[in-house]
Amino acid sequence: MSIAASLAGALAPPDAAELAEIARLVREGSGIVIGAGKASMVQSRLAKRLRALGLKDFRSYLALLNAPEGGDERRRMLSALTTNVTHFFRESHHFEQLRATVLPPLIARARAGGAVRIWSAGCSSGEEPYSIAMLLCDMADDIAGLDIRILATDIDREMTALGRAARYAAAAAETVPAALARRFIAAVGDRVVLRDPPRSLVSFRELNLHSAWPMRGGFDIIFCRNVAIYFDTPTQDALWLRLEAALRPGGWLFLGHSERLPVGDPTRLSSQGITSYRLPVAAPDPEQPPWH
Ligand SMILES: C[S@@+](CC[C@H](N)C(=O)[O-])C[C@H]1O[C@@H](n2cnc3c(N)ncnc32)[C@H](O)[C@@H]1O
């Protein structure tokens, strides 16, 4: 900490060694990369944590993070450093593709008694999974009788709690197509709330994509948008393979606008439009002719 800052009682940014240690903990904990030029970002985002803990510099904060009882603070630090920007129907072309191409056969399968599973991985405060849910409800009036579920996960517990509450600033509804907003969003005071359904289609869970996943997989659609952009390339490449393995044959993967599967990638996913990818539908098993 600089002498000027300590005299003024202000929190100084982490020095190079402190920043490197914070970056190491964040990288190990979440896969997120924090570059050497991010000292002021780290300072501003963590200032509230240090104040709440009564700590005056990053040296004491790191001592706490690295202490055996530092696990809860490491989680809070990740929460403070993640970028949670999102909105309803973000990157609207994906929702057009869902409506035109992806969802009709899945709804037909659910009507024939099948299960449909959708995962919003890195869902932030829930606008993304609720956008999918509103679309489904609009396309299928009989949704309540169908086995269609959306899992919404995020590393940040505060975000999944906001998603579960399904209550947003009124301005958040402005990006919802008017016909869907009229049907599925209710005004309550100066806030808006998701109606049920679509609300009940979505289950929120805390999940770090950089750790083991408890789900068995078998997803028809995975949205993992604007999450991997914060990871380094090896972490991204490992994630693409894990997401592929979590899809059913014929399953779809949607990435964010600045994320791409690498050229000549080792996955079997093929491009289906702007940052949308699909696994091949399973080839018929020659041992099992279709009339069996
Ligand atoms: C920019 S938001 C994107 C939200 C939404 N998918 C969208 O595109 O609008 C990125 C989200 O990814 C979450 N995130 C970052 N690293 C993660 C990780 N390792 N595991 C799970 N979620 C993570 C953040 O907490 C944040 O809520």
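Predicted model: local features only at pLDDT ≥ 70, side-chain atom pairs only at ≥ 80, totals over all residues.
Guide: Residues are numbered from 1 along each chain as its sequence is written, and side-chain values use heavy atoms, with hydrogens and water left out.

Visitor: How many residues of strand β2 are buried?

Guide: Strands are DSSP runs (E, at least two residues), and helices are runs of H or I of at least four, numbered from the N terminus. Buried means under 20% relative accessible area with a 1.4 Å probe, protein chains only. Strand β2 spans residues 147-154 and is mostly covered. Of its eight residues, the buried ones number six.

Visitor: Which residue of β2 is the bridge partner of I118?

Guide: Strands pair if DSSP finds at least two bridges between them. Seven bridges join β1 (residues 115-121) to β2, and the two run parallel. The partner of I118 in β2 is I150.

Visitor: Which residues does I221 contact, leaving aside its neighbours within four places in sequence?

Guide: Contact means heavy atoms within 4.5 Å. I221 is among the residues that touch the most other members of the largest nonpolar core, a set of buried Ala, Val, Leu, Ile, Met, Phe, Trp, Tyr and Cys residues joined through side-chain atoms within 4.5 Å. With those neighbours left aside, its contacts are L98, V102, L103, L106, R117, I118, W119, L247, W252 and F254.

Key:
Buried < 20%, exposed > 50% of the residue type's maximum accessible area, 1.4 Å probe, protein only.
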